[in-house]
Amino acid sequence: MPRFMWFIVATLALIAGYYIYGKFVEKVFGPNPKRETPAHTKADGVDYVLMPKWKLCLIQLLNIAGVGPVFGPIMGALYGPTALLWIVLGSIFAGAVHDYFTGMLSVRYQGANVPQIAGYNLGKYAHYAMRAFATILLLLVGVVFATAPAGLLAKLTPDYLDFGVWLGIIFIYYFIATLVPIDKLIGKIYPLFGALLIIMAVGVTIAMFIKMPNEFYQWADWTRNNHPAELPLWPLMFITIACGALSGFHATQSPLMSRCVDNESEGRFVFYGAMLMEGFIALVWATVGMTFYQDPSELANTINAGTASAVVYDSSLALLGSFGGILAVLGVIVLPITSGDTAFRAARLTIAEFFNLSQASRINRLYIAIPIFALGILLSQIDFNIIWRYFGLSNQVLASIMLWTAAAYLYKKDKLHWICTLPATMMTAACTTYICYEPKMGFGIDISIANIIGIICAAIALVAFLKYGKKPIAGAPTDC
């Protein structure tokens with residue numbers, strides 16, 4: 001089979017996943033078309049605003065995408081074709097399941113954010129912990145998604161428009177977008193950006209088929225780990241490729257759209273569908289990494305010299321020419337900008353939920369937004385690679401927690417919880433192993449021992465869940 005068929009088969013698998021497994025997941029949850037959604041019961045003209053599902057799906061795609069489905073798969077491509085399996089299978093059986101349940105549980109809980117969703121299903125201590133954890137993650141995301149596009153824009157503009165200038169412009173935009181009603185800015189222009197994003201991903205794909213049909217996955221070897229530094233594929237690849245396969249950040253974004261959904265029956269299209277679109281984008285950029293470069297060492301050198309943004313810039317210009325290449329780069333720039341602002345927006349809403357401050361009031365929004373952005377600007381001065389490292393780990397830890405949350409919800413209702421329990425167990429093992437192994441931010445334990453610890457911790461978590469997961473939570477809604 002020609003190697004370009006790998007890409008075609010993977011794309012068809014994502015489409016089949018939506019229509020087959022997506023419908024199965026939807027059936028397990030059981031949406032109720034007659035149940036009023038928060039867009040109707042809590043309409044405030046700011047965050048709870050009814051919008052059509054096609055628009056919500058494109059906005060959701062932009063909100064969850066960021067640089068994750070571009071940078072992560074490019075770096076994950078160093079491990080070889082196993083990255084393609086993780087993107088496809090992870091998107092269908094883990095990432096889209098995670099996004100669907102976090103979105104639909106938020107709908108059921110009247111637009112609740114991550115802390116409340118976790119608290120209603122895992123208990124008050126999970127609620128308290130997630131308040132801090134989710135806010136920290138959102139700040140890290142906002143900073144990462146400001147610095148990455150600033151670097152790319154600096155490459156496309158004159159020297160006087162350097163990284164610092166673009167970073168300032170992006171933060172100003174973020175501040176404005178965080179405060180205005182969701183339908184006034186995000187609802188109007190983000191669907192157009194979403195369409196541009198998909199068009200650019202398809203354009204890069206077509207260019208590879210035309211210009212490099214015989215170079216597809218030219219150095220990809222299924223029989224070994226292709227990483228030039230011989231870093232362990234497990235668990236590093238599963239942390240590196242987050243957005244595009246499974247990402248906890250998405251749990252913080254899904255409530256933004258849950259407040260705008262007209263009917264529960266729209267959930268599969270808005271949440272599950274948007275995640276599989278992101279999976280396709282991740283598939284494209286992982287393919288670029290294994291196709292555009294002659295060997296993994298050349299790809300690694302490009303990443304090390306200028307982060308994954310250098311790969312985007314070089315490959316887009318070479319494949320699409322000057323005009324098309326710049327459009328493709330702009331499409332990638334749109335990703336983080338349209339996720340960074342909603343990250344800060346979600347942080348505002350999470351903090352407002354804690355202090356019980358109505359966000360219909362402009363002054364209340366300012367009270368929260370000003371200190372959030374002051375802290376974000378301070379964090380932006382830290383080295384990007386350090387911020388990314390902490391973002392990657394915290395991202396997957398949150399994904400594990402929210403999968404356990406969804407599993408607990410199903411377990412309490414005697415539904416098929418294993419569709420969430422199994423990916424939750426796997427990611428618990430991956431995160432624990434990573435913390436034990438990683439030398440710079442973890443304990444630096446030998447990988448073989450770290451693997452054993454990860455498996456033991458995941459097994460303990462599973463046993464504890466099966467024993468205590470059905471326990472009713474005081475204060476949790478009983479009609480959801």
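Predicted model: local features only at pLDDT ≥ 70, side-chain atom pairs only at ≥ 80, totals over all residues.
Two residues are in contact here when they have heavy atoms within 4.5 Å of each other. By that criterion, among contacts between residues at least 6 apart in sequence, 85% join residues at least 24 apart.

The secondary structure consists of 18 helices and zero strands. The radius of gyration is 21 Å, close to the 23 Å that the globule rule gives for 480 residues, so the protein is as compact as a globular protein of that length. The C-alpha trace spans about 60 × 50 × 40 Å along its principal axes. Of the 480 residues, 59% are buried. The accessible surface comes to about 18,100 Å², and carbon and sulfur atoms account for 67% of that surface.

Next comes the backbone. Most residues other than glycine have a negative phi, and most peptide bonds are trans. P235 belongs to helix α11, which covers residues 233-240.

Q110 sits in the loop between α6 (82-108) and α7. With a relative accessibility of 25%, Q110 counts as partly exposed, because that class lies between the 20% limit for buried and the 50% limit for exposed. D414 is found in the loop that joins α16 (384-412) to α17 (418-437). Its relative accessible area is 60%, so D414 is exposed, the cut-off for that class being over 50%.

The structure holds two cavities of 30 Å³ or more. The second largest cavity has a volume of about 40 Å³. Its lining is made up of N113, V114, P115, A134, L138, A251, T252, P255 and T350. The elements that give two or more residues to this lining are α7 (114-122), α8 (124-156) and α12 (249-258). The largest share, three residues, comes from α12. By class, the lining of this cavity has six nonpolar and three polar residues, and no charged ones.

The second largest pocket has a volume of about 480 Å³. It is lined by 21 residues, and L122, W404, A461, A464 and F465 are the closest to its centre. Helices α7, α16, α17 and α18 (447-468) are the elements that give two or more residues to the lining of this pocket. Helix α16 provides the largest share, with six residues. The lining of the pocket divides into 13 nonpolar, six polar and two charged residues.

Helix α7 links several of these points. The loop that holds Q110 runs between α6 and α7, and α7 gives two or more residues to the lining of the second largest cavity as well as to that of the second largest pocket.

Note on methods:
Residues numbered from 1 in each chain as written. Heavy atoms only, no water. 1 Å grid on protein atoms, 1.4 Å probe; cavity = no way out; pocket = protein on both sides within 12 Å on 5 of 7 lines; lining within 4 Å. Points joined across faces, edges and corners; volume = space filled by probe spheres on them. Helix = DSSP H or I, 4+ residues; strand = E, 2+ residues; numbered from the N terminus. Nonpolar A, V, L, I, M, F, W, Y, C, P; charged D, E, K, R; others polar. Rg over C-alpha atoms; globule rule 2.2 N^0.38 Å. Buried < 20%, exposed > 50% of the residue type's maximum accessible area, 1.4 Å probe, protein only. Areas by Shrake-Rupley, 256 points an atom, 1.4 Å probe, with all protein chains shown as cover.
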